[in-house]
Amino acid sequence: MEQDKSIIVLPTGVTGRMDVGRLVREVDALDQFLEQAAVRKPGTPMQMPKTSKLLDEMLETNKINALVEDDRKRLLNFLITVRAKAPVMHMSFSADPAPLFTQKLVTWLRDNIHPLVLLHVGIQPNIGAGCIVRTTNKQFDLSLKQDFAKQHPLLMAKIHGSVQEVSHE
Amino acid sequence: MEMWELGLILGMLLAATVAFIWLALNIGSGAKNKKNPNDAFTEQAEKDVEHIFNDDFREELRNRGRLHFEKIIGENAMFLQQDLRLTTSQLNEFMKTEITRKLQEEFAKYEESITDAKQLAIDSINKTQEAIEQQRKMMSQQLSQELANEKARLIHRFEENMADIINHYVLAAIGDQIDLNDQLEYILSDLETNKEAIIRDITDGAG
């Protein structure tokens with residue numbers, strides 16, 4: 001049970017480094033608020049800060065109680081570490097992907113590539129379909145344009161065949 | 001026969017004619033002008049002669065001499081006329097022959113000159129035509145080469161950019177109908193294909 005508590009995973013809603021940074025700021029603000037609340041006079045009215053949907057998902061996924069200082073510190077440290085060291089993949093699409101699409105993609109990436117991988121989404125309208133993936137040192141062109149380029153000999157053979165058929169006719 | 005020979009013959013004929021006329025005239029008047037010397041015998045003889053050669057006799061002699069002279073004059077005039085006609089005829093023939101020969105020579109030279117000029121013109125025209133033909137062939141070859149190069153360049157460029165052309169065409173034709181959600185499976189399969197390389201780069205090349 002203690003070991004389960006130490007493992008924190010990123011929910012699928014947290015995709016990029018910006019999301020992580022936003023969570024860091026939010027958890028830090030929450031931590032400061034609760035520290036200040038701890039030294040308040042009993043009976044003083046106070047209003048709890050509202051947490052974002054992303055933080056709620058984070059807390060819920062990892063069963064973290066934000067009111068417990070150790071959990072907050074652990075979460076904050078985890079998020080800071082992730083923001084600093086987690087691998088980032090850049091993926092470019094022809095259009096802005098829908099959140100559900102991004103979540104499915106991130107799920108696959110965290111299941112198959114790295115559990116803490118972060119995704120940065122870009123747009124390149126000229127690639128047609130597919131995507132271009134850029135990791136730390138490499139770029140993988142998985143676009144339709146690249147597919148056409150790979151199939152260039154086949155395409156030329158087809159075109160030449162069509163031209164010859166037309167010539168014979 | 002040269003012109004100076006012709007002139008010499010004419011001059012000789014003219015001189016003979018003048019000399020003959022002068023001689024005839026002197027013969028007629030010479031008898032009257034002659035005076036015997038102072039010799040008495042001579043006068044006597046003259047007187048005797050005058051008796052013999054009286055006026056009638058003298059008149060008779062004069063008439064005979066005149067007739068004889070006229071006859072000689074007539075004969076010579078006839079000969080002269082014949083010679084003149086012959087000379088004129090020969091002269092005409094000679095002139096005709098010479099003029100014809102000269103004309104033929106000049107015409108031959110003229111024809112030769114014309115032939116040479118014509119040949120020169122033909123040679124020049126032939127050379128010009130050959131040069132034009134060579135230029136035409138060269139230009140034709142250059143044009144064909146340029147066309148072939150341009151065609152090859154266009155085909156090469158077309159083939160080289162074929163992927164872009166097809167991609168552009170697909171995008172223009174069905175770009176709006178390609179939904180990212182429909183591509184998810186395709187993208188995931190591509191990622192699966194490159195999964196090892198991505199993991200290796202993230203793991204080993206993290207920096």
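Domain bounds, as used here, come from an automatic or database domain assignment. On that basis, chain A of this predicted model has domain 1 at 1–86 and domain 2 at 87–169. Both domains give residues to the lining of the second largest pocket, so this pocket lies between them.

The space in the second largest pocket is about 410 Å³. Its lining is made up of 19 residues. Those nearest the centre of the pocket are Thr15(A), Gly16(A), Asp19(A), Leu119(A) and Val121(A). Four elements of chain A supply at least two lining residues each: helix H2 (17–38), strand S1 (88–93), helix H5 (99–112) and strand S2 (118–123). Of the contributors, H2(A) gives the most, with four residues. By class, the lining of the second largest pocket holds eight polar, seven nonpolar and four charged residues.

The structure holds one cavity of 30 Å³ or more, and the volume of the largest cavity is about 30 Å³.

Which residues line the largest cavity? They are Val27(A), Leu30(A), Leu55(A), Leu59(A), Ile64(A), Ala66(A), Arg72(A) and Leu75(A). Seven residues in the lining of the largest cavity are nonpolar and one is charged, with no polar residues. The lining of the second largest pocket, in turn, includes eight polar residues.

Methods:
Residues numbered from 1 in each chain as written. Chains lettered and ligands numbered in written order. Predicted model: local features only at pLDDT ≥ 70, side-chain atom pairs only at ≥ 80, totals over all residues. Heavy atoms only, no water. 1 Å grid on protein atoms, 1.4 Å probe; cavity = no way out; pocket = protein on both sides within 12 Å on 5 of 7 lines; lining within 4 Å. Points joined across faces, edges and corners; volume = space filled by probe spheres on them. Nonpolar A, V, L, I, M, F, W, Y, C, P; charged D, E, K, R; others polar.
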